[in-house]
Amino acid sequence: MAPGRPCAAGLAQFCQKLKRQKPLEDSAMETSLQRCLSTLDLTLLGVGSMVGSGLYVLTGTVAKEITGPAVIVSFVVAAVASLMAALCYAEFGARVPRTGSAYLFTYVSMGELWAFLIGWNLVLEYVIAGAAVARAWSGYLDAMFDHRIHNFTEAHLGVWQVPFLARSPDWLAAGIVLLASAFVSCGARVSSWLNHTLSAVSMAVILFIVVLGFILARPSNWGEAEGGFAPFGFSGIMSGTATCFYAFVGFDVIAASSEEARNPKRAVPLAVALSLGLAASAYILVSAVLTLMIPWHSLNPNSALADAFYQRGYGWAGYLVATGSICAMTTVQLNGLFCLPRIIYAMAVDGLFFEAFAYVHPRTQVPLLGILVFGALTAVVTLLLDIEALVQFLSIGTLLAYTFVAISVLVLRFQMASQSGSPSLTGSSLRAKEYSSFSDHLELVGAGHGPEPGRLRPALRPYLGFLDRGSPGAAVRRAICGLVVSAVALGCVLMLGHSVLHLPLWGFLLLLLCSGVTFLLSLLVLGAHQQQCLKDTFQMPLVPLIPALSIVLNFCLMLKLSYLTWLRFTIWLLMGLSVYLGYSVWHSKENWREPPGLVTARHAAFPDGRLEETAQDPGQAPAQGPGSP
């Protein structure tokens, strides 16, 4: 036996730990959290997360600087693009009704290491988002008092000139975070009630803005005299779409709250659809009245709505707009602090984060320690750090999570359905999937009756039978890998071909053709195979088309971010990798799971004292050493 074999076997076993997936038990509805959220609660959680300061700031900024009145078209296209990602979350949230959002979805379909990195990324995303919203809340309130709070702080504490630190500490913003954390720690019912109240006020203000705005509308403001409906052309509309896309970030809070939903199979997909529809309607209608009240070039990007009413002689309406803005930002703050501890809780329950964060308070039934610790951490970040330098982390983190969820949907659809009928994503042998890799987890079992996911459609077998010649599921595995690689290549060519790579026209067209053809062929191969069809659970339509388009869109938007954002993001991921290798991989609950029926390793002793690690099937006779009968 080669001397290096035991070391190689140990390395292989360690690599298997990185690729193992989390099986879902039949008791997926059992939870330590309180299942008390209705469809209305989840819908308002989603609306409160999406309709925030963006409605009062983003609409004016995009209309003034990027699109003109065509901001309406940008919001429509952005809503459709967001719907593709939202449908992926809705399918997983209904089928896997556990807290954890993109982290859990990745864990059950793509493996532990990827799941940890997504969860690690979500933690940073929610901390920075909470700090950014608190700063916006504080700045809006400070502006109502002529910046007296800010001036008082700088006069008594001075101005800091330290990299990555704010100009001065924002005590008001930090206090807002701590107060919101206190409300969230009181339980899901209290958080839901407060969210209902604030969302009702915010929606009433939006309705007032729309009604009064249409009364004051002047259609001539969209006329040629003011530059027309789309003064920046098609390119302006597309640039505006990329910015408006982030206005709809927030529906993932619904999937993260599915473990506290009364009937997640019905409530989660319905709440995702309703909340995205309401948010899109609000953004489109407000954009329309804003550009109809006054010419788009006269907008004040910092306070467009309040200034528009002031220019039309309705200055008193600005106070109502300010009230709605503060209520909207408060709901975003509450929902972010509601979701963050539940991501931490899901990771702690799985053993990938410190076990203390898995504690659930017996009376309020919330992950109390996670709320207190990460609420305090968010407050410190809000108080001290320069949020503007970190805010682009929100974009890259969100888009990466969307991408992994879209890939996970493709994986889910072409896996063998569980014979037990549970929401497990595994095949007929649940245990055999435990240590599978991303390239192997589509291994399909040929036994069974009726249509089998991952198998070629019967009508196409006479024509495409060569796709079934390899191992079961091999064509699907290659198609998914080809789809992801071609989507990345397509995004690079479209976004970097001219501006960064400076490709000649023939080179650009050649790469575009190659990546586009590979993408389409991968789609066709997947479409030629059968999918899982579950009648009792929501499944998104047009798979694999919608997840594939979502992957391309997400990657294109990620490439629009600066190289410094990518550099900081890489450093953060390396920090997460060190945490995973130093703690998580050794404390994972999957270490305790002994998978009976899985191919196990045993050591066979030989007379010369060597140990050989052999594979043994449960039904196979024990391996014998040399000279054994």
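## Overall picture

Of the 629 residues in the protein chain, 54% are buried. Here buried means under 20% relative accessible area, exposed means over 50%, and partly exposed lies in between, with a 1.4 Å probe and protein chains only. The model is predicted, so local features need pLDDT of at least 70 and side-chain atom pairs count only at pLDDT 80 or more, while totals for chains, interfaces and linings use all residues. Residues are numbered from 1 along each chain as its sequence is written, and side-chain values use heavy atoms, with hydrogens and water left out.

The protein chain holds 21 helices and 2 strands. These are DSSP runs numbered from the N terminus: helices are H or I with at least four residues, strands are E with at least two. The chain exposes about 27000 Å², and carbon and sulfur atoms supply 67% of that area. Accessible areas come from the Shrake-Rupley method with a 1.4 Å probe. Now take the contacts in the chain with a separation of 6 or more: residues 24 or more positions apart account for 80% of them. Contact means heavy atoms within 4.5 Å.

## Helix 3 with helix 10

Helix 3 spans residues 53–67, and helix 10 spans residues 233–244. They pack at an angle of about 155°, with their axes 10 Å apart. That angle makes helix 3 roughly antiparallel to helix 10. Axes are lines fitted to C-alpha atoms, for helices over the stretch in contact, and angles run from 0 to 180 degrees between N-to-C directions. Under 35 degrees counts as roughly parallel, over 145 as roughly antiparallel, 65 to 115 as roughly perpendicular, and the rest as oblique.

Helix 3 brings Leu58, Val62, Ile66 and Thr67 to the meeting. Helix 10 brings Gly236, Ile237, Ser239, Gly240, Thr243 and Cys244. By class, this contact has 5 nonpolar, 5 polar and no charged residues. Ala, Val, Leu, Ile, Met, Phe, Trp, Tyr, Cys and Pro count as nonpolar; Asp, Glu, Lys and Arg count as charged; the others, Gly among them, count as polar.

## Helix 14 with helix 15

Helix 14 (residues 317–349) and helix 15 (residues 368–384) have axes that come within 9 Å and cross at roughly 120°. Helix 14 is therefore oblique to helix 15. On the helix 14 side, the contact is made by Leu337, Leu340, Pro341 and Ile344. On the helix 15 side, Gly370, Ile371, Phe374, Gly375 and Thr378 take part.

## Around Leu410

Leu410 lies in helix 16 (residues 392–413). Its relative accessibility is 0%, so Leu410 counts as buried. Leaving out residues up to four places away in sequence, Leu410 touches Ile480, Leu483, Val543, Pro544, Pro547 and Ile551. Take Pro547: in sequence, Leu410 and Pro547 are 137 residues apart, yet their C-alpha atoms are 7.1 Å apart in space.

Most residues other than glycine have a negative phi, and most peptide bonds are trans. The peptide bond from Val543 to Pro544 is cis, with omega near 15°. Pro544 sits in the loop between helix 19 (505–527) and helix 20 (545–559). Leu542 is in the loop between helix 19 and helix 20. Its phi is near 55°, a positive value. Leu542 counts as exposed because its relative accessibility is 57%.

Ser101 also has a positive phi, near 55°. Ser101 belongs to the loop between helix 4 (71–95) and helix 5 (102–109). At 2% relative accessibility, Ser101 counts as buried.
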